[in-house]
Amino acid sequence: AHARPLPGPRMSPASTTTTLVPGTTGWPRALLGLPGAPLSLYAEGRLAVLDRPVVAIVGSRTCTADGRAPARSLARTVVEAGGTVASGLAAGIDAEAHLAAGGWTVAVLGQGLDAPMARWQAELRARVLAGGGLVLSEYEPGASAAAWTFPRRNRIIAGLARAVVVVEAAHRSGSKNTAAHALAYGRDVYAVPGPPELPTSEGCLDLIEQGAGVVRGPQTITEILGAP
């Protein structure tokens, strides 16, 4: 497995922030009327990415090479089929999905947009924005991340998405938390099966046992998005 990147110096990137509230231009349609939806969102980047159907691709921070490849392939397929990729701007699967989406991506943070973040994460965010993507947070711009902010963040990723695809996850993981939110919101959940002996496969196999759809390749994504 690949180790999570070393944090390095923490950075506070300057940003131009737009505040969104329900009923105004730019508010994500997928969140309208959703139980527990945020009361407001802070946005940086291109809101138009939310005009396309969203597929969330999430997974382990300490993913394997066997997880990175499908994360990239599935993200590219989402974009080619006319969709947008959502994820959490974390290392591992999230990062692979954001970068492979080529700008058609939305990153949802577990902290304020202007809060300090690790250098590698600030660089990933910069690449998302430079490519034409979008970064969202429900937290005040300077609010720091905490253990409880990420599970709450996950409900927004799930709510934005037509479906959540989990690519590698531990038995106990944030990705399974995102999947649980998706099921509560009536979204579809899919998982990429992996070798049962790997810890990073346990969460996906759990989800499949519980009834999640199996990702068999790009055709699964095109079926989710209704593309020919």
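Close-up 1. Tryptophan 148 is exposed, with a relative accessible area of 54% (exposed means over 50%, buried under 20%, with a 1.4 Å probe and protein chains only). Tyrosine 139, on the other hand, is buried at 10%. This is a predicted model, so to speak of local features takes pLDDT of at least 70 and side-chain atom pairs count only at pLDDT 80 or more, while totals for chains, interfaces and linings use all residues. Residues are numbered from 1 along each chain as its sequence is written, and side-chain values use heavy atoms, leaving out hydrogens and water.

**Close-up 2. Arginines at tryptophan 104.** The charged end of arginine 46 sits over the tryptophan 104 ring, 4.3 Å from its centre. Arginine 52 also lies over the face of tryptophan 104, 3.7 Å from the ring centre (for Arg, CZ must be within 6 Å of the ring centre and within 35 degrees of the ring normal).

**Close-up 3. The largest pocket.** About 290 Å³ of space lies in here (a pocket is an open set of points on a 1 Å grid where a 1.4 Å probe fits, with protein on both sides within 12 Å along at least five of seven lines; lining residues have an atom within 4 Å of a point). Of its 19 lining residues, Gly59, Arg61, Arg153, Gly174 and Ser175 are closest to the centre. Helix α4 gives the most to the lining, five residues.

Definitions and conventions: Points joined across faces, edges and corners; volume = space filled by probe spheres on them. Helix = DSSP H or I, 4+ residues; strand = E, 2+ residues; numbered from the N terminus.
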